[in-house]
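Visitor: I would like to learn how to read a structure feature by feature. Could we begin once the model is in view?

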Amino acid sequence: MNANDGNIRGSVTKGVDGFMEWTVAIAGAVIAILIVRIFWYERKNKAELLQRLKMEWGKRPERKYDYEEFENISHYFRNRSENRFFIDDITWNDLDMDSIFMMLNNTQSSIGESCLYDMLRTPEYDMAVLAERSRLADYFRENEKERLELQRIFRGIGRTKAISITDYVYRLKDIGSRSNRSHYVMILIMCVSAGLLFVRPEWGISCLVISIVVSILNYYKTKAEIEPYIISLKYVMKILKAADQMEKLRIVEIEHYLDRISSARKRFVKFRRNSFLLMSGNGMGGSLADVFMDYVRMIFHVDLIKFNIMVVEVKRYMDDIECLFETIGILEATIATGSFRESLPYYAVPVLSTDKDAFLNVESVFHPLIDDPVANGISETRSVLLTGSNASGKSTFLKTLAISAILAQTVYTTPARSYSGVCSRIYSSMTLKDDLSNNESYYMAEIRSLKRILDQADSSIPVLCFIDEVLRGTNTVERIAASAQILKRLCGEHVLCFAATHDVELTHILEGYYSNYHFQEEVADGDVRFDYRIYSGRAVSRNAIKLLGIMGFEDVMIKNAEKAAEDFINDGMWTMLA
């Protein structure tokens, strides 16, 4: 080798080294740029999320729900409703409590909104529990930084609209023993088939192909059966990840809750080990690694094996999963309560008694779903009869009181200046319909609804009930006679009944049992005006016939109707029409 060859080789070496250095430098710069962009996007997304959470605070949520999604939200409550008093479906639907829930639902995760729904359906009788909910709501109102940090973590848990998470998590308890033996046998057969390739290649190839095909077919069959549960386990993993993040928080005011979360999450070390085998998949990332792992799962069933291990752990520590659900749910529900309080023009923390005698004192109470509502107040230890014409405000007032009573014993927040009463079981019978599927008339549905309230009248726990137009489904004479007996039965020592009626006769028959109040209207200048305010005493105005004139009915019809009504009042007899 001459000197020129050495020089040439040296130049080539220097060139290669220089090229490698430039390549490494460029690659390093690209990696650095990618890392910077990732951090930038994370900070940008976090800032946008925090800004959105700030804007949503104290506002009515604008979220839209479909029927299936809303039904799934209720399942956590329905899975836990045994052996607890709860607001039954009749009362819940009478008061349109779904809309009240949606008004409060400033939560970020499925478990949060499920716990909020459960809270609204199950009135609380322990004053310490209610006081703690109020303390948390006020803390989150007053401490934005800590609240936003928790909301950001809860947003990471997210929502699952297609299924009810709690259904499948609870159903995991009912899954029979699932052995991994068949999966291990299939893996062994494929390994033996692969070994045959070196002894009898033709046999080895055939056995390997057949075993792989059988393995893939069994994989998809089994995967289809357990897919909903895999989604549930993934959601549990998200909750555990949130628990990891919450453990790093140093919030003294919720330390008790953070300790419970930390204690529960420590049970799931084995559950989480190698959980990536189940948690990722389906090649959705598009990378070669994801595609490769999908084939590994299909052939070797590593995710199914891990699923069976995780199911065993879930069954073993189901109480800890429920603890995580409940604890995170309480924090989210009270954050939503704080936002609800912020959204109201004013509110009162109720003063509740655990005495047996029923009473209700409320000042400037309003219906939270009505824009620009008229506030009213009432103070009573006796049951109440409400009279007045249609559209005067009777039904709205009943619903306002009933909603306030539920909110008082659930989120410890009432849309009123002040609210005091006794802890009660709350019932209503207001907006019933014919049940055609059971061939049941309106009247039959109504008496069934009233009977369920009467059955509670002898209970030692006070009952607060709201009835709109008692027995409207039958004739006048029988309606008044039967209504009087039902209403008399519903004004016992432990029962406070608020009933609206058009039958003024009941205000006289029941004067010794019920206090009388009324709503009124003014008919003048061809128009009717309602002030929607409650007044003491029975209704005395008779404007129903006058309203016919406002709506354009013929004068002769109105005059004849007024004369017939006057004759009946004076003589107690109806005049036969000629």
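Visitor: Which residue in S3 is the bridge partner of leucine 360?

Guide: Please keep in mind that we are reading a predicted model. The bridge partner of leucine 360 in S3 is glutamate 380. That bridge belongs to the pairing of strand S2, residues 360-365, with S3, which runs in the antiparallel sense over 4 bridges.

Visitor: In what order do the 4 strands of the open sheet lie, and which strands stand at the edges?

Guide: The order is S1-S5-S2-S3, and the pairing within this open sheet is mixed. Strand S1 (351-353) and strand S3 (376-380) stand at the edges, where each has a single partner strand, so one side of each is left without a neighbour in the sheet. Neighbouring strands are turned against each other by 15° on average, when direction is ignored.

Visitor: Which helix packs on the sheet, and which strands does it touch?

Guide: That is helix H18, residues 394-408, which touches S1, S2, S3 and strand S5 (418-422), while its direction makes about 110° with that of S2.

Visitor: Let us turn to charged pairs. How many salt bridges does the structure hold?

Guide: There are 28 salt bridges in the structure, and a pair counts as one when a side-chain nitrogen of Lys or Arg is within 4 Å of a carboxyl oxygen of Asp or Glu. In one of them arginine 121 pairs with aspartate 89, with the closest N and O atoms 2.8 Å apart. Arginine 121 is in helix H6 (residues 110-121) and aspartate 89 in helix H4 (residues 89-94), so this pair ties together parts that are 32 residues apart in sequence.

Visitor: Where do glutamate 149 and arginine 152 lie, and how many residues apart are they?

Guide: Both lie in helix H8 (residues 144-157), 3 residues apart, which is about one turn of the helix.

Visitor: What parts does the salt bridge of glutamate 247 and arginine 265 tie together?

Guide: The two side chains meet at 2.7 Å, N to O. Glutamate 247 belongs to helix H11 and arginine 265 to helix H12 (residues 255-265), so the pair ties together parts that are 18 residues apart in sequence. Glutamate 247 is partly exposed, with a relative accessible area of 28%, but arginine 265, at 17%, is buried, because the cut-off for buried is under 20%. Salt bridges can also be linked in a network, as they are for Arg63, Glu69, Glu113 and Arg159.

Visitor: Which residues make the nonpolar surface patch?

Guide: Leu197, Phe198, Val199, Ile205, Val209, Val213 and Leu217 make a patch of about 720 Å². Among them, valine 199 is placed in the loop between helix H10 (181-196) and helix H11 (201-247), and valine 199 is exposed, with a relative accessible area of 60%.

Visitor: Finally, is serine 483 buried or exposed?

Guide: Serine 483, in helix H20 (residues 476-489), counts as buried at 0% relative accessibility. Leaving aside neighbours within four places in sequence, serine 483 is in contact with Val470, Leu471, Glu478 and Leu506.

Conventions. Residues numbered from 1 in each chain as written. Predicted model: local features only at pLDDT ≥ 70, side-chain atom pairs only at ≥ 80, totals over all residues. Heavy atoms only, no water. Patch = residues over 30% accessible without salt bridge, like charges linked within 9 Å, V, L, I, M, F, W, Y side chains within 5 Å. Areas by Shrake-Rupley, 256 points an atom, 1.4 Å probe, with all protein chains shown as cover. Helix = DSSP H or I, 4+ residues; strand = E, 2+ residues; numbered from the N terminus. Buried < 20%, exposed > 50% of the residue type's maximum accessible area, 1.4 Å probe, protein only. Pairing = 2+ DSSP bridges. Axes fitted to C-alpha atoms, helices over the stretch in contact; angles between N-to-C directions. Contact = heavy atoms within 4.5 Å.
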